[in-house]
Each structure stands twice: as structure tokens, then as C-alpha cells.
Amino acid sequence: MLEWIIQVITEHGYLAVLLLMCAENLFPPLPSELIMPFAGFAAARGDLGLAGVVASGTLGSLLGALPWYLAGRRLGSERLRRLAERHGRWLAVSAEDLDRAEAWFQRHGAAVLVLGRMVPGVRTLVAVPAGLAALPCRAFLAWSLLGSLLWTSLLTAAGYLLESQFEAVAGWLDPVAKAVLAVLLLTYLVRVLRLRRRGAAGSNAGRG
């Protein structure tokens, strides 16, 4: 599996890194903790340039966060909560998740766009409260760019530096990657079922 992911990144280059990181921000099929270190491996092998990997990963992360920011800014809190309650199960997003992200933003301000990049689960929704608070787009892009650049650079550097030990770490990294993906998929399915059940219960209560 490790070789397969690296092969995909190697064959499709920076576009693959950009699209994977964009998708990771919209919904978590693969975490950035796997994508960027693998891209770092490819850069260390000479298949890709280190600067290009960081740039494409950062841009993908920024593009993936932008729809959440725009949703918060244009829809508002109440409409977003209703959408989450009705359709959020497919993205494993609940109204409580939105409330938690908004509380983070109120507590830390725009700096959460930097800090939140490094927190699984928060990084997906952290752009929403920035939109709800009507943070200027330029400020949102600047803070998000900084956070994304720091996070992708750190992960890429980890993969790049480990390249010399690739054969040594591949033996245990591959099953670890499989386990991480299995846990993510299981967590996603559990959240989808739980939110679907909660939505059905709410609908039944409303009819009653």
C-alpha cells in the first residue's frame, strides 16, 4: 500500500498532492499525516521537487478550506446547523461539530486557522467560524496559508528525512498506514450511522 500511494503521487506529480490535500480538507478520505510524508519520500527520491511538493500541498489545503469559509460567510450559523442536521452525516459533520469549531474560533481568534491545521477533526471545519465571523477574505487566506504552509512543510520534511531509512521503516509503516485507514473508515461509518439514526429520531419526534 505504501508503494502504491507513493506510485500514485509519483505518476501524477504535484496535481495528485494538490487534489489529495484538497479532498482531505473537504472530507477525510486520507489524512494529511499520510499524504505529505509520502510526497516527501517521492521528493527525496528525486521524483518530485521538495519546494513543488510543499507548494502543491499548501495550495491544495488552502483550496479545500475555502468552500467551508464561503459556506460560513454566505449561509450563516442557523442555516449551516440545519444543513448539518439534515445532510451532514455524509461528511460526518454534526451541528455539535460546528459549535465546537465556532467555540475554538471565539476562544483563539484568527490564530486558530494556524493552530487548527494541526488538529485532526478541527482542521476540516475551522474555516467555517471564520466565515461566520465575517473575517475578511484576505485575512482568512493569509492565516490559512500560514497554517497550511507550516503543517505541510513539517510533514513533508518528515518524509524527506526518513527517505534514507526507507527500507527500514517501510516494513512497519505499511501496516501502520493500513491500520490508520481502517480506523478512519470505521470511524467515518460509525459517525454516518450515528448521525443518520439521530436525524431519523428527530424526524420521528417532529411527526409525533
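A residue is called buried when its relative accessible area is under 20%, exposed when that area is over 50%, and partly exposed in between (1.4 Å probe, protein chains only). Helices (H or I, at least four residues) and strands (E, at least two) are DSSP runs, numbered from the N terminus. With these terms, helix 2 is mostly covered, since eleven of its 13 residues are buried.

The structure is a predicted model, in which local features need pLDDT of at least 70, side-chain atom pairs count only at pLDDT 80 or more, and totals for chains, interfaces and linings use all residues. Residues are numbered from 1 along each chain as its sequence is written, and side-chain values use heavy atoms, with hydrogens and water left out.

**The chain as a whole**

The chain holds nine helices and zero strands, and its pattern along the sequence reads α-α-α-α-α-α-α-α-α. Of its 208 residues, 42% are buried. Contact here means heavy atoms within 4.5 Å. Among contacts between residues at least 6 apart in sequence, 79% join residues at least 24 apart. Accessible areas come from the Shrake-Rupley method with a 1.4 Å probe, and for residues only the protein chains shown count as cover. The accessible surface of the chain is about 10,800 Å², and carbon and sulfur atoms account for 65% of that surface.

**Helix 2**

Helix 2 covers residues 32–44; from its first C-alpha to its last it reaches 18 Å, close to the 18 Å expected at 1.5 Å a residue. The expected span of a helix is 1.5 Å times one less than its number of residues. The buried residues of helix 2 include Ser32, Leu34, Met36, Phe38 and Phe41. Glutamate 33 also belongs to helix 2, but it is partly exposed because its relative accessibility is 28%. Just after helix 2, glycine 46 takes a positive phi of about 90°.

**Helix 8 and threonine 152**

Helix 8 has 26 residues and reaches 37 Å from its first C-alpha to its last, close to the 38 Å expected at 1.5 Å a residue. An α-helix has 3.6 residues a turn, so residues three or four places apart point the same way. The buried residues of helix 8 are Phe140, Ser144, Gly147, Ser148, Trp151, Thr152, Leu155, Thr156 and Gly159.

Threonine 152 lies in helix 8 and counts as buried because its relative accessible area is 1%. Not counting residues up to four places away in sequence, threonine 152 touches Met21, Met36, Val54, Gly57 and Thr58. A polar contact is a pair of N or O atoms within 3.5 Å; within protein, one must be able to donate a hydrogen and the other to accept it, and residues adjacent in sequence count only if both atoms are side-chain atoms. A polar atom of the threonine 152 side chain lies 3.4 Å from the backbone oxygen of leucine 149.

Leucine 149 is itself in helix 8, and it is partly exposed because its relative accessible area is 38%. Leaving out residues up to four places away in sequence, leucine 149 touches Val54 and Thr58.

The table gives two C-alpha separations that involve these residues.

| Residue pair | Distance along the chain | C-alpha separation |
|---|---|---|
| Glutamate 33 and threonine 152 | 119 residues | 8.9 Å |
| Leucine 149 and valine 114 | 35 residues | 9.2 Å |

**Serine 56 in helix 3**

Serine 56 lies in helix 3, which spans residues 50–87. Serine 56 counts as buried because its relative accessibility is 6%. A polar atom of its side chain lies 2.9 Å from the backbone oxygen of glycine 52. Apart from neighbours within four places in sequence, serine 56 is in contact with Tyr14, Val17 and Leu18.

**Loops and a surface patch**

Alanine 134 is found in the loop between helix 7 (127–132) and helix 8 (137–162). Alanine 134 has a positive phi of about 55° although it is not a glycine, and it is partly exposed because its relative accessibility is 42%.

Methionine 118 sits in the loop between helix 5 (112–115) and helix 6 (122–125). Methionine 118 is partly exposed because its relative accessible area is 36%. Together, Met118, Trp143, Leu146 and Leu150 make a nonpolar surface patch of about 350 Å². Patches are made of residues with over 30% relative accessible area and no salt bridge; like charges are joined within 9 Å, and nonpolar side chains (Val, Leu, Ile, Met, Phe, Trp, Tyr) within 5 Å. A salt bridge is a side-chain nitrogen of Lys or Arg within 4 Å of a carboxyl oxygen of Asp or Glu.
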